[in-house]
Amino acid sequence: MILPTKYLNIDRSLLNLGAEVMTLLGREKPVSKLWEEFQKTRQGKAIVTYEWFVLTLDLLFCLGYVDYKSGKIVRRAT
């Protein structure tokens, strides 16, 4: 689920999706706006549901890459 396997395509692994989300987080964004932008970048790739997108945000939060402040997803300073 986190890493690609022979049963899970790299386009659907949470680690790969997390990298795609991080490229969209130049500045803080509400989850709905981030979801819209994420869907636009996924044109022609494997379908990702909203639930899978939320799991990706959960992973990024657990790894310490993003925070949730004032209703927006914020990229953490490293």
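This talk walks through one predicted model, from its sheet to its helices and salt bridges.

A word on the ground rules. Residues are numbered from 1 along each chain as its sequence is written, and side-chain values use heavy atoms, with hydrogens and water left out. Because the model is predicted, local features need pLDDT of at least 70 and side-chain atom pairs count only at pLDDT 80 or more, while totals for chains, interfaces and linings use all residues.

Let's start with the sheet. Helices (H or I, at least four residues) and strands (E, at least two) are DSSP runs, numbered from the N terminus. Two strands pair if DSSP finds at least two bridges between them. Strands of a sheet pair through backbone hydrogen bonds, either parallel or antiparallel. Here we have an open sheet of three strands. The order is E1-E3-E2, and the pairing is antiparallel. Which strands sit at the edges? They are E1, residues 29-30, and E2, residues 66-69. Each pairs on one side only.

Take E1 first. Two bridges join E1 to E3, which covers residues 72-75. Lys-29 has Ile-73 as its bridge partner in E3.

Now the other side. E2 and E3 pair over four bridges, again antiparallel. Lys-69 stands opposite Lys-72 in E3. The two strands form a hairpin with two residues between them. Look at Ser-70 in that loop between E2 and E3. Ser-70 is not a glycine, yet its phi is positive, about 55°. Is Ser-70 buried or exposed? For the terms, buried means under 20% relative accessible area, exposed over 50%, and partly exposed in between, with a 1.4 Å probe and protein chains only. Ser-70 is exposed, at 77%.

Stay in E3 for Val-74. Val-74 is buried, with a relative accessible area of 18%. What does Val-74 touch? Contact means heavy atoms within 4.5 Å. Leaving out residues up to four places away in sequence, Val-74 touches Glu-28, Tyr-65, Val-66, Asp-67 and Lys-69. Trp-52 is another matter: Val-74 and Trp-52 are 22 residues apart in sequence and 19 Å apart in space, C-alpha to C-alpha.

On to the helices. The buried residues of H1 are Leu-14, Leu-17, Gly-18, Glu-20, Val-21, Met-22 and Leu-24. They pack against E1, H2, H3, E2 and E3.

How do H1 and H2 cross? Their axes come within 10 Å and cross at roughly 115°. Axes are lines fitted to C-alpha atoms, for helices over the stretch in contact, and angles run from 0 to 180 degrees between N-to-C directions. The crossing is right-handed. A crossing is right-handed if the near helix is turned clockwise from the far one by less than a right angle, and left-handed if anticlockwise. From H1, Leu-17, Glu-20, Val-21 and Leu-24 meet Leu-34, Glu-37, Phe-38 and Thr-41 of H2.

Next pair: H2 and H3. Their axes come within 11 Å and cross at roughly 115°. That makes H2 roughly perpendicular to H3. The cut-offs are these: under 35 degrees is roughly parallel, over 145 roughly antiparallel, 65 to 115 roughly perpendicular, and the rest oblique. The crossing of H2 and H3 is right-handed. Val-31, Leu-34, Trp-35 and Phe-38 in H2 meet Tyr-50, Phe-53 and Leu-57 in H3.

Last topic, the charges. Side chains of opposite charge can pair when their charged atoms come close. A salt bridge is a side-chain nitrogen of Lys or Arg within 4 Å of a carboxyl oxygen of Asp or Glu. How many salt bridges does the whole structure have? The search finds six.

One of them joins Arg-42 and Glu-20, at 2.9 Å, N to O. Arg-42 lies in the loop between H2 (31-41) and H3 (50-62), and Glu-20 in H1 (residues 14-24), so this pair ties together parts 22 residues apart in sequence. Both residues are buried.

Another joins Glu-28 and Lys-72, at 3.9 Å, N to O. This pair links distant parts of the chain. Glu-28 is in the loop between H1 and E1, Lys-72 is in E3, and they are 44 residues apart. Glu-28 is partly exposed, at 40% relative accessibility. Lys-72 is partly exposed too, at 29%.

Then there is Glu-37 with Lys-29, whose closest N and O atoms are 2.5 Å apart. Lys-29 is buried, at 9%. Finally, salt bridges that share partners join Glu-20, Arg-42 and Lys-45 into one network.
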